[in-house]
Amino acid sequence: MSILSIDDPGKQLLYMGNEAIARGAIESGVRVCAAYPGNPSSEIIASLAKVGKELGIYVEWSVNEKVALEVAAGASFAGIRSLCAMKHNGLNVAVDFLYNLNLTGTGAGMVVVVADDPLALSSSNEQDTRHYARMGDLPLLEPGTFQEGKDMVKTAFEMSEELGIPVMLRSVTRFSHARGNVTLGDIPRGQNKPFFDVTKPRLPKPVEKTHKLLHEKLATAGQKFEDLPFNLYQGPDKPELLILTCGTGWYYTKEALHHLKATDRVGIAKVGTSWPLPAKFITEQLAKSQRVLFVEEIDPFLESNVKTFYAQNAAELGPKEFLGKVTGNVADMGENTPDNVMAAIAGCLDDCVVPARDQEHAAQAAEASKRLATTRALGLCAGCPHRATYWAVKNALALDGRGGFVVGDIGCYAQGRGPSGFQQMKTMHAMGSGAGVANGFGQLTRFGMDQPVLAVCGDSTFFHAAIPALTNARYNGSNLLMLVLDNSATAMTGFQPHPGTGRTAMGDTAPVVDVTKVCQSLGAEVIVLDPFDVQKTTETIYDLLQKQDGIKILVLKQVCAMVRTRMGKRLYKVHVDESKCLGEACGCNKYCSRVFKCPGLTFDKTTGKAGIDEAICNGCGVCASLCPESAIIKEAL
Amino acid sequence: MATFNKTGGQQQLKAAMQQSELCTNCGACVDLCPYNVAFNDRIVFLDPCDRDEGRCYAFCPRTPTDLSALYDGLFDAADLTPELGAVKGLYVTRAADPAIRDKAQHGGTVSALMALALKEGMIDSAVLAEDSGELEPRGTVVADADQVASHAGSKFVVSPTVAAFNRLAKGEAQAIGVVATPCQAMALAKMRLKPYAADASHIDKLKLVVGLFCGWALSLQKLAGILEPHLKGSEILKLDIPPSGHACMEVTTEQGMITIPLEEINPAIRPACSGCLDMTAEFADLSVGSARLDGGWEESQGWNQVLVRTEAGQKLMDLAKDAGALEFREAPAGAMDKLKQASMNKKRRALEHLAAQSGSEDDLIYLDPSDPLVIKLKQSWAAQ
């Protein structure tokens with residue numbers, strides 16, 4: 001039994017933020033959930049998938065976020081509560097649909113969860129998705145506690161159903177991935193039969209009617225927000241500084257005031273309903289102090305909206321000093337931490353200093369983290385097929401000698417931009433953008449560009465967003481070589497299945513949508529190879545680069561090293577014959593550990609010999625084929 | 001040059017080759033390690049090696065080279081001449097076997113000698129330039145005397161032959177013979193001085209170097225570009241350059257022979273060849289070129305002239321005579337002087353080119369201006 005399906009109202013459990021959100025959906029009677037995986041949002045749908053069958057919830061990994069949102073909308077239209085979750089970039093993909101859905105309206109409650117990744121810890125970019133709520137006239141909630149993570153979802157479903165529009169909930173990494181106590185509520189039983197009332201078609205036009213109605217709905221949402229417990233104030237009646245905060249800022253600010261011993265000087269107003277602003281609540285808070293500091297993640301969203309609101313009510317509220325990201329008191333990018341929030345608050349107060357660190361404790365902590373967590377470079381795993389691929393690409397491009405390059409996008413293979421991918425990947429943008437950007441480069445031969453262009457995408461990205469770009473290349477005759485790095489997994493986000501894997505989110509078997517056949521159907525030349533055959537792969541890439549007559553597709557098929565290891569199907573046992581190893585001598589100079597750099601390879605400075613770290617080696621055997629002295633021995637398992 | 005560093009690693013090699021377009025594509029830096037490969041008429045540095053010292057740099061015939069040390073270390077002092085290096089004798093020969101002559105560029109002497117060396121057990125493997133089906137030849141290994149002739153014929157693009165030796169020396173072969181251009185022979189000579197003890201066992205396997213006279217070699221890409229409009233799609237069967245008076249390249253194709261003026265070919269000459277002092281492959285055991293007979297090009301085409309330089313070379317020549325592998329005829333009067341003159345012309349052009357390239361008489365790129373031999377050469381034409 002999963003922690004998510006425990007039916008014991010009143011019981012308190014430790015939930016990850018994403019699990020709290022999922023539990024909120026369960027307690028709201030959600031029956032259709034869809035998403036495309038993406039950190040830090042993935043666990044919402046992953047945890048729902050585990051209890052889907054038990055609780056009668058349909059859960060799917062969709063091919064991309066737009067389709068996921070459309071799946072959820074279909075359910076909503078037919079009277080079934082639905083939830084769609086995604087990371088911040090995902091909303092960029094889905095927003096075209098979302099900005100029609102706001103006008104057509106929804107049926108049963110529909111909640112859109114978006115998890116932002118401040119500082120892009122596991123993303124290509126940093127963006128604040130809250131702007132989408134304002135631009136699309138949609139209500140937005142931001143949980144500040146784990147209990148709220150669950151409760152806000154329930155409120156969001158109710159409000160969505162009442163107003164007939166999707167309601168957004170914004171999380172950030174430190175909320176999604178941290179854990180806290182959550183008190184359980186009821187899991188509703190009883191199920192309605194889905195039915196789509198064709199007398200009420202979902203059409204966004206005429207906009208003079210639908211957009212006006214949307215504004216009315218949003219105004220209603222604002223009024224309803226006034227009564228919600230998610231907006232609250234804590235502090236003295238007349239604080240010398242008022243902090244307006246939301247999301248993670250709530251805990252960070254409370255902790256900071258505690259350490260600064262400033263709880264009697266500073267008040268905290270927590271805004272759980274970030275859009276539209278609860279006017280009455282905000283007015284009451286602003287009346288408390290002349291000085292206002294905003295603490296929020298990424299952009300000055302609350303800050304800007306409150307200042308706009310203030311501009312309309314300045315006469316009533318009197319002069320104010322607003323401090324925040326705009327004034328430089330808080331960093332206008334990156335991730336908040338208790339430390340920088342504390343520094344920001346201290347900077348706004350007279351006679352307030354950040355307490356000195358307990359040096360002894362800090363030293364102990366530093367020592368412990370050094371001892372317990374191995375320092376290692378960001379890079380591809382041991383035995384990763386992508387390393388073999390980039391090795392072949394590097395060599396093929398060097399042999400070709402025309403300055404060719406790789407354009408790519410987001411996935412494990414984005415490590416191609418770093419040392420473990422031999423710095424081969426030179427552009428990185430959105431999902432599928434490698435293929436798209438290559439379309440552009442590939443048209444420039446007509447103007448004399450002679451650098452060949454290779455695009456890379458993973459198998460999951462292939463289905464997500466690469467197919468349109470490849471179709472375009474075929475249709476418009478772009479000269480490019482597409483490498484589809486098919487490792488049979490959405491590896492970077494946690495091995496979620498996708499259409500090529502033959503499995504669904506709920507563990508059922510599914511028809512395999514074959515990457516190669518899809519490529520062949522475009523009419524392009526398609527070759528399938530095992531990237532572990534580095535020599536053959538290098539030669540093939542080289543040969544394909546010599547042809548400048550449209551799109552070529554090379555599918556490099558080799559299962560993700562992590563998946564292989566989890567299946568217990570390592571290919572080889574690998575060891576070093578030290579008598580043959582040249583080490584640092586001319587002729588080798590640590591070719592395996594210095595140049596190929598698989599983390600499974602070691603070099604013993606004392607003996608001057610290479611070795612295999614058996615705990616890390618995943619047994620791909622590629623290093624054995626590269627060793628100039630055949631000193632690395634692989635034995636088939 | 002500011003510094004005359006005789007040691008360096010791959011990074012220094014790469015910098016030197018790129019700065020001065022010095023690379024001859026001889027293959028000496030290839031197949032010693034996985035970092036450098038020969039591909040498409042150029043050396044590709046696949047991965048960076050951060051060693052301060054490496055064999056790639058040490059063996060390269062265009063990294064700083066102590067010429068006098070090479071001559072003094074490898075040849076009998078009594079045989080040394082400033083014009084032609086060591087000379088034990090000059091011969092005019094051709095393969096006795098007409099089958100070899102048919103396939104050969106000229107007299108088939110090289111093929112006959114290599115086949116003989118294999119047959120007699122002087123070597124167990126021969127490294128030759130092989131036609132790859134394209135213009136670019138590649139180094140190949142032959143262990144069967146009967147196969148030698150199938151690789152005959154001049155290659156006007158240098159093949160990375162030394163790489164094939166490097167590969168071979170690491171393996172089972174014990175006695176290796178190499179057919180080498182002057183730059184390749186110089187690389188092998190640098191190896192023979194054994195700058196690295198770890199390689200001593202490899203280089204000891206080198207038992208015979210048959211050198212090829214060479215005026216210059218061509219850049220593959222450029223040659224292909226020049227020949228393409230002339231070929232009209234037909235395949236090249238043979239390339240030849242008759243003596244200088246003809247000033248043309250003869251291209252034999254399925255359609256017959258096309259004559260292309262040398263001035264059209266000249267732009268394809270490898271820049272590195274302009275800095276080469278060696279016309280007669282002076283660092284070989286014996287060196288072979290086309291003969292210059294009184295009967296003119298028609299007659300000369302069927303014969304070779306051979307300079308024997310070492311005892312190993314003399315031994316093979318004697319064997320050839322005893323075994324009847326070669327036919328001999330008397331060298332025309334003045335043949336040696338003509339060779340010397342031609343050789344000195346190349347040396348002079350090369351030294352002038354190097355000084356012009358560096359912008360200073362005191363910087364000869366890869367040669368030491370204070371080398372006694374260099375000084376002697378300069379003095380010899382100053383005296384003229």
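The legends below describe close-up views of a predicted model. Residues are numbered from 1 along each chain as its sequence is written, chains are lettered from A and ligands numbered from 1 in the order in which they are written, and side-chain values use heavy atoms, with hydrogens and water left out. In this predicted model, local features need pLDDT of at least 70 and side-chain atom pairs count only at pLDDT 80 or more, while totals for chains, interfaces and linings use all residues.

**View 1. The open sheet of chain A.** Seen here is an open sheet of 7 strands with mixed pairing, ordered β3-β2-β4-β5-β7-β6-β12 in chain A. Strands β3 and β12 (273-275) of chain A stand at the edges with a single partner strand each, so one side of each has no neighbour in the sheet. Strands (E, at least two residues) and helices (H or I, at least four residues) are DSSP runs numbered from the N terminus, and two strands pair if DSSP finds at least two bridges between them. Strands of a sheet pair through backbone hydrogen bonds, either parallel or antiparallel.

**View 2. Strand β2 of chain A and its partner β3.** Strand β2 (residues 32-35) of chain A pairs with strand β3 (residues 58-61) of chain A in the parallel sense, over 4 bridges. Within this pairing, C33(A) stands opposite V59(A) in β3(A), and A35(A) stands opposite W61(A) in β3(A). Both faces of β2(A) are covered: V32(A) and A34(A) are buried on one side, and C33(A) and A35(A) are buried on the other. Buried denotes under 20% relative accessible area, exposed over 50%, and partly exposed in between (1.4 Å probe, protein chains only).

**View 3. Helix α1 of chain A and the glycine after it.** Helix α1 (residues 17-27) of chain A is mostly covered, with 11 of its 11 residues buried. Just after α1(A), G29(A) takes a positive phi of about 75°.

**View 4. Two cis peptide bonds in chain A.** A cis peptide bond joins N39(A) and P40(A), with omega about 5°. P40(A) belongs to the loop between β2 and α2 (42-55) of chain A. The peptide bond from W275(A) to P276(A) is also cis, and its omega is near -10°. P276(A) lies in the loop between β12 and α10 (279-286) of chain A.

View 5. Q423(A), although not a glycine, has a positive phi of about 55°. Its place is in the loop between β15 (405-408) and β16 (425-428) of chain A, and Q423(A) counts as partly exposed at 40% relative accessibility. In chain B, K194(B) has a phi near 50°, a positive value in a residue other than glycine. K194(B) is found in the loop between α7 (182-192) and α8 (200-203) of chain B and is partly exposed at 37% relative accessibility.

**View 6. A hairpin in chain B.** Strands β11 (residues 248-253) and β12 (residues 256-261) of chain B run antiparallel and are joined by 6 bridges. The two strands form a hairpin with 2 residues between them. The bridge partner of C248(B) in β12(B) is P261(B).

**View 7. Two surface patches on chain A.** D530(A), D533(A), E539(A) and D543(A) form a negative surface patch. E539(A) has its place in helix α18 (residues 534-546) of chain A and is partly exposed, with a relative accessible area of 40%. L119(A), L121(A) and M333(A) make a nonpolar surface patch of about 280 Å². L121(A) lies in the loop between β5 (110-116) and α5 (130-135) of chain A, where L121(A) counts as partly exposed at 45% relative accessibility. Patches are made of residues with over 30% relative accessible area and no salt bridge, joining like charges within 9 Å and nonpolar side chains (Val, Leu, Ile, Met, Phe, Trp, Tyr) within 5 Å. Accessible areas come from the Shrake-Rupley method with a 1.4 Å probe, and for residues only the protein chains shown count as cover. A salt bridge is a side-chain nitrogen of Lys or Arg within 4 Å of a carboxyl oxygen of Asp or Glu. Asp and Glu count as negative and Lys and Arg as positive, whereas His and the chain ends are not counted; the place of a charge is NZ of Lys, CZ of Arg, CG of Asp or CD of Glu.
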